[in-house]
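Thank you all for coming. I would like to walk you through one structure today, beginning with a strand and ending with pockets, so please keep the display in view while I talk.

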Amino acid sequence: MDELSVSTRAGVFDAIVSGPPEGRPVLLLHGFPQTGRAWQRQVSALAGHGYRVVAPDQRGYSPGARHPRPEDYRIGLLVDDVAAITEELGWAAFDLVGHDWGGAVAWWTAHAHPDRVRTLTVVSTPHPGALATALRTDHDQRGRSHYMIDWRETPATEERMLAHDAEQLRALYAGKVPHDSAESYVRHLSRPGALTAALNWYRAGRPDGAIGAVRVPTLYVWSTEDSAFGPAAARETGRWVDGPYRFEILRGVSHWVPEEAPDTLNRLLLDHLRAYGEHGAAAHTPSADSPKR
C-alpha cells in the first residue's frame, strides 16, 4: 500500500493506493471523522484481486484541499472533487464505494455521473431521498439525526470534541475502530483547522437541487446497530434505485462497518464487483432483504 497525491483545481488530495496500475479502478470515499485509512482492509483485499484502488482523504481532510468557508463544502463541490480526482487518475469509468459522508457523496456522484460510475456500493448511508423521507415521517430517525444540529455550532463543537485530550472525539469510535486507526484519526483532526474543515461538511447548507433515483448497479450495506441511520431510511433506499439493487443487512454490527466487519464487507464488495463487468451489466437476483419495488 502506497501514498499518493492527486493535484486538482480544488487542491491536492492525499490518498492511499494499491493494486496494479492497469487494474479495474475503484475509488473509496471515507466519512466523518476519519480519513482514507478507514478503508485499509478493503484496499488490501481489492488490490489482492487485481483492482487498482485509491482511497483519498477528502476535501478538508487533505491539508492541500482545506478550504476555509462552510459553503466550500457544498455537496456539488464534493461531487466535483470525485470527478476531478478520477479524471486526474485517468479513469474514464470507475467503481465507487462510500461510507458515512463518503456514502452521501457517492450517491450524489452516481446520480450526476451515471456514464462514469460502473457500480456503486454504499455502506451505512441511505439514499439522500430516503433519508429525507424518514426525517419527515419517522420519529426514530429524527432522534438519530439530532446530533447534526449540535455539530453545526461554531466553534463550540470543535472545542468540546478536542477538550481533555480529545475525549469526545475518541468516544465517537466507541471501541469499534482499531486503536491505532482511532489514534491516527485523532492526531489528524487535532491539527489546526482540520476538525473545523471536517465539521464544515455539516455546516455547508442544503444541496442546490434535489437528487433522483440512481441507475447504476448498486449494493447498499446497512448494519442493525448503526446509531446514525435507522431501519426506516435503510429500507426506503431501494425505492431510490432504478438499476439492479442489492440490500444487505449486517446484524449486530455498529456504524463503523469497514473496520468492524471488514471480512464480511470485503466479501460483499467483491461479489458485487464481480457481478458487473467492464460495462456494469449483469443479471441480478435480489437478496432476501432487498425491498420489493
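Let me start with how the elements are named: helices (H or I, at least four residues) and strands (E, at least two) are DSSP runs, numbered from the N terminus. What you see is a predicted model, in which local features need pLDDT of at least 70 and side-chain atom pairs count only at pLDDT 80 or more, while totals for chains, interfaces and linings use all residues. Residues are numbered from 1 along each chain as its sequence is written, and side-chain values use heavy atoms, with hydrogens and water left out.

Please look at strand 3, residues 25–29. Five of its five residues are buried, so the strand is largely enclosed by the rest of the structure; buried here means under 20% relative accessible area, with a 1.4 Å probe and protein chains only. Pro25, Leu27 and Leu29 point one way from strand 3, whereas Val26 and Leu28 point the other way.

Now to the pockets. A pocket is an open set of points on a 1 Å grid over the protein atoms alone, where a 1.4 Å probe fits, with protein on both sides within 12 Å along at least five of seven lines, and lining residues have an atom within 4 Å of a point.

The largest pocket holds about 1000 Å³ of space, and of its 34 lining residues the closest to the centre are Leu131, Leu135, Met148, Arg152 and Pro207. Helix 4, residues 128–137, gives the most to this lining, with six residues.

The second largest pocket holds about 380 Å³ and is lined by 18 residues, with Glu3, Ile16, Thr35, Arg37 and Asp57 nearest its centre. Strand 1 (2–8), strand 2 (11–18) and helix 8 (179–189) each supply at least two residues of that lining, and strand 1 has the largest share, four residues.

Notes:
Buried < 20%, exposed > 50% of the residue type's maximum accessible area, 1.4 Å probe, protein only. Points joined across faces, edges and corners; volume = space filled by probe spheres on them.
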